[in-house]
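Student: I would like to go through this model one feature at a time. Please show the sequence and structure before we start.

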Amino acid sequence: MDSPRNMNSRWIWIPSWSEVDNAHPRIVYFRKKFTLNEKAENAVIKVSADSRYRMYVNGVSVGFGPCKGDRYVWYYDEIDITPHLKEGENIISAVVLRYPLDNSRGNQSVWRTDTPGLYVEGSAGSAALDTDETWKCKINNDIEIIPEGGLNFMWIMEKAEGNARLSGWKELSYSDESWDDSLPYVKFKMYKSISRGQSPKDLFLSFMKHKKSLKELYVSETQTKEWMNGTGGF
């Protein structure tokens, strides 16, 4: 496995996390404002989370993941955020869904460790986007992840109440002054070696390589743009 190469970037989490939080699926928001003196070129970031994330730049969904791993490998995703950046002020934000270690209280196909976290490594122009204490964070207790009934393998349903104080949290104009500063994990407390995950395209090509007898390919009616705008996930 590849180790994170930029040791300025560390796994971060919310400092108010409790044992009660750790025993239930929770939604946590992260955001970081930054300024570009000119439009950045080739801004590719590495992102991972324990357990699942969706990443936004200037309010637009740019990716989600990470690629599923197991006890032997933890993946990061590479996301090109260049098209979504602008000269001047920008905002990068993420929502992380953390599942508890108890496999019966969360999606059973998603591996997790005993330490939740968000990891971002990269830059946009001269602006460092690495996860550290400059990222702001807020837990959303108004969204409860609940079982679907029956065997409860997936835990993909939500019971939510509106919270006006969190409205627009992904946008640049939103004020996060009341949010906490994120807490970086020091190396001796937590260290996850992470490897580059496979993109859907890589997985599809691998599938095609081993399924040469495939006769038909069906195209989804849902467009990629709709998925990236949040239609296909939380």
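Student: Is Ser 126 buried or exposed?
Tutor: This is a predicted model, in which local features need pLDDT of at least 70 and side-chain atom pairs pLDDT 80 or more, while totals for chains, interfaces and linings use all residues. Residues are numbered from 1 along each chain as its sequence is written, and side-chain values use heavy atoms, with hydrogens and water left out. Buried means under 20% relative accessible area, exposed over 50%, and partly exposed in between (1.4 Å probe, protein chains only). Ser 126 has 70% relative accessibility, so the residue counts as exposed.

Student: Where is Ser 126?
Tutor: Strands (E, at least two residues) and helices (H or I, at least four) are DSSP runs numbered from the N terminus. In sequence, Ser 126 is 92 residues from Phe 34, with 9.8 Å between their C-alpha atoms. Ser 126 is placed in the loop between strand E9 (123–124) and strand E10 (127–128).

Student: How many salt bridges does the structure hold?
Tutor: A salt bridge requires a side-chain nitrogen of Lys or Arg within 4 Å of a carboxyl oxygen of Asp or Glu. One of them joins Asp 21 and Arg 26 at 2.9 Å, N to O, and both of these residues are buried. The number of salt bridges is four.

Student: How many residues apart are Asp 176 and Arg 31?
Tutor: Asp 176 and Arg 31 form a salt bridge with the closest N and O atoms 2.9 Å apart. The pair links distant parts of the chain, with Asp 176 in the loop between strand E13 (157–160) and strand E14 (180–181) and Arg 31 in strand E2 (residues 26–36).

Student: Which strand holds Arg 98, the salt-bridge partner of Asp 50?
Tutor: The closest N and O atoms of Asp 50 and Arg 98 are 2.9 Å apart. Asp 50 is in strand E3 (residues 44–50), 48 residues away from its partner. Asp 50 and Arg 98 are buried, and the strand holding Arg 98 is E7 (residues 88–98).

Student: Asn 42 and Asn 58 both have positive phi; which loop holds Asn 58?
Tutor: Phi is near 55 degrees at Asn 42, and near 50 degrees at Asn 58. Asn 42 lies in the loop between E2 and E3 and is exposed, at a relative accessible area of 65%. Asn 58 is buried, with 18%, and belongs to the loop between strand E4 (52–57) and E5.

Student: What is the omega of the cis peptide bond joining Gly 65 and Pro 66?
Tutor: Pro 66 is in the loop between strand E5 (60–65) and strand E6 (74–80). The bond from Gly 65 to Pro 66 is cis, with omega about 0 degrees.

Student: How many nonpolar residues are in the lining of the largest cavity?
Tutor: The lining includes Pro 66, Cys 67, Trp 74, Tyr 75, Val 110 and Trp 111. Ala, Val, Leu, Ile, Met, Phe, Trp, Tyr, Cys and Pro count as nonpolar, Asp, Glu, Lys and Arg as charged, and the others, Gly among them, as polar. On a 1 Å grid over the protein atoms alone, a cavity is a set of points where a 1.4 Å probe fits but cannot get out, and lining residues have an atom within 4 Å of a point. Besides two polar and three charged residues, the nonpolar ones number six.

Conventions
On a 1 Å grid over the protein atoms alone, a cavity is a set of points where a 1.4 Å probe fits but cannot get out, and a pocket is an open set with protein on both sides within 12 Å along at least five of seven lines; lining residues have an atom within 4 Å of a point.
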